[in-house]
Structures are given as structure tokens and as C-alpha cells.
Amino acid sequence: MDRRQFLAGMALLPLAGCGLQGSLRVGIHTWIGYETLYLAQNLRWLPSGVELVSGSSATDSLTGLRNGELDAACLTLDETLLARSLGLPLQIALVFNVSAGADMLVARPEIETLQQLKGKRLGVESTALGALMLNRVLHQAGLAQNAVQRVELAPSGQLAAWQQQQVDAVITYEPTASRLLESGGVRLFDSRALPDTIFDVLAVRTDSLLFKPLKALIVSHFQALEHLRTNRQDALYRVAARQQVSPLQVKQALAGVMLPGLAANHRYLDHADSRLADAGRQLQSIMLDHGLLPHPKQQGTLLTSRWLPEDMV
């Protein structure tokens, strides 16, 4: 399902209340930035009453939020903005990671510069992040928007399209990015050129959190983050076993993201003029320009630090 189909379907669904009183159901899918929650689960640090509901993609989590089956979900910033624009009372309660190279443009080896993308078939997901990356790539290359043949391509279909010679370059992210690089692709641009722009967050339904252990869940995330820092080899092997990849692949994926600690989370969530708030405004503008957002939404209540611990003992 692409973003436009999802948006149309969401608009037809009624808003619903959430889950059982006291339980906290969190939508999650495989992405290196979310592995702290799975790691906390593996180490038995998740608080009682928390259930991680695994899906194949963020679409499953967004649908679960809309149907009232989830209280919170691991989402990108643009996915959170989309859901809010459709009436979900969501706030960002935690920043999992900031992309620092994990999102990238991979091209065939004969394309050695961004300028050589002119006239080429470029696969890109129809999302705000895809549009943002494409805009930055074309700007850096000095190319107009119509200088490339844009091929709308979801991440799940990117590797097959590459192998079948249907695209010359792809805007993608891990783990697909590593597979394209292993298939002979070359990285020409990545999110290191967009510092503090691409965020993965925990979005929570503010209408369903009474008496639910959200703060305890966030504490377990920071415990797992500390385990990743201080017992790295153990953490790498646990994550690798869950994802069914090698520890080296996990290490490479982690190199493409920044995992902010508690103090950095407070900086992102305590202030209406933080880098996260700025990124939200930028993404909202891009989404409106590309028809990915039905209408603007005031961002005054987008961020909250109320569930962050003050410190970790």
C-alpha cells in the first residue's frame, strides 16, 4: 500500500479509543533505531503491562493507532505529522534516533557524480522523506526537478527493481541500502548532509494514556540504550539474532544513526524552537507542497517531555 492509498483509507476509518485500561500496546516494526525496545524486551526490562505489537511496516502501526488498537507507535516524524493531520491526538514523547547516513542515494557504478543523474531513472518512495532527500540531491547536483525520471518505489520493491534493471539510482535506507551496496551500488549522497532533519520517534495517543506505564517504557528504552553503549558486543549479538543478520550488519546499521540520550531528548522535546520542532515545520511544508498532507496542523502540541524521566539513577 502506498502513502496515497493509506491516506485515503485512513480518512474513512472512525476515530476510536484505545486498548484495555492499564495496558500499553506499542506498534513497532524492524528498524535499527527501534531495536532498544526489542532489546529491553529480550533483557526483561519492559515494564509489566507493555506489549510490543510487531508489524511489517509503519502502515500497520498507523492503522492500529487509527483503529484504537494501539496506544503508541514507533514512527518517522512525517508519519506522525500525517496521522495528526487526519485527527489522531498524537504527541511525540521520545526521540529514538536521528539519521546520520542511514538514508542515502545509491546509484549504479557507472554514475560517478550527482550531475550524471540527469535523464536517469531514480526510484524514490512517495513520502515526505523521499521528497526531502530528492530535493536535496537535485539541489546539490544543480538539476531541476524534471531532470530525472522519477519512479515511485516503496522500500519493499527497491531491491527487486534494482536487480531487474528498472532503475539507475534509488533513494533508500537501511537495511535495503546495504543490500543495494552489496549488489554493486555506490553511495553518492546520504543524510549526513541533512543534520538533525530525519527523526524516528515514539508517537503516543494522548487520549488513551491514563494509568498506563508509558514513563516506565521510556525508562526501559534508556536502560537498553545504556546496555548498547556499555555492553556493545552482547547487544550487537542479541539484535543480530532477532533480525537474523550478522553482528557486523547491525554495527554498520548503527553507524548510520545517532541515538540521543536522555539529555538530548530533553533538548529536542522541552522547547518549541528545538531542532526537532524546526524539522517538523520543514517537513510539513514539503508534505503540503507534494500533496502528502491534506491540510496543515498547528504544531504547538506536537512535542512533550512530560513522560521523560528527569534523570537516570
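What is the order of the strands in the open sheet of five strands? The order is β7-β6-β8-β5-β9, and the pairing is mixed.

## Ground rules

This is a predicted model, so to speak of local features we need pLDDT of at least 70, side-chain atom pairs count only at pLDDT 80 or more, and totals for chains, interfaces and linings use all residues. Residues are numbered from 1 along each chain as its sequence is written, and side-chain values use heavy atoms, with hydrogens and water left out.

## The five-stranded sheet

Neighbouring strands are turned by 30 degrees against each other on average, direction ignored. Axes here are lines fitted to C-alpha atoms, for helices over the stretch in contact, and angles run from 0 to 180 degrees between N-to-C directions.

Helix α6 (residues 155–163) lies across β5 and β8 (169–173), running at about 145 degrees to β8. Contact means heavy atoms within 4.5 Å.

## A closer look at β5

Strand β5 (residues 103–107) pairs with β9 in the antiparallel sense over four bridges, and Ala107 stands opposite Val186 in β9. Five bridges join β5 to β8, again antiparallel, with Met104 opposite Thr172 in β8.

Is β5 buried or exposed? Five of its five residues are buried, so β5 is largely enclosed by the rest of the structure. Buried means under 20% relative accessible area, exposed over 50%, and partly exposed in between (1.4 Å probe, protein chains only). In a regular strand the side chains alternate between the two faces of the sheet. Both faces of β5 are covered: Asp103, Leu105 and Ala107 are buried on one side, Met104 and Val106 on the other.

## The six-stranded sheet

There is also an open sheet of six strands, in the order β2-β1-β3-β10-β4-β11 and with mixed pairing. β2 (50–54) and β11 (257–258) are its edges, each with a single partner strand, so one side of each has no neighbour in the sheet. β1 (residues 24–28) and β2 run parallel and share five bridges; Ile28 has Ser54 in β2 as its bridge partner. Helix α11 (residues 262–269) packs on this sheet, touching β4, β10 (199–205) and β11, and its direction makes about 125 degrees with that of β4.

## The largest pocket

The largest pocket has a volume of about 1100 Å³. Of its 43 lining residues, Ser57, Glu125, Pro155, Ser156 and Tyr173 are the closest to its centre. The elements that each supply at least two lining residues include α1 (3–12), α3 (58–67), α6 and β8. A pocket is an open set of points on a 1 Å grid over the protein atoms alone, where a 1.4 Å probe fits, with protein on both sides within 12 Å along at least five of seven lines; lining residues have an atom within 4 Å of a point. Grid points are joined across faces, edges and corners, and the volume is the space filled by probe spheres set on the points.

Technical notes:
Two strands pair if DSSP finds at least two bridges between them.
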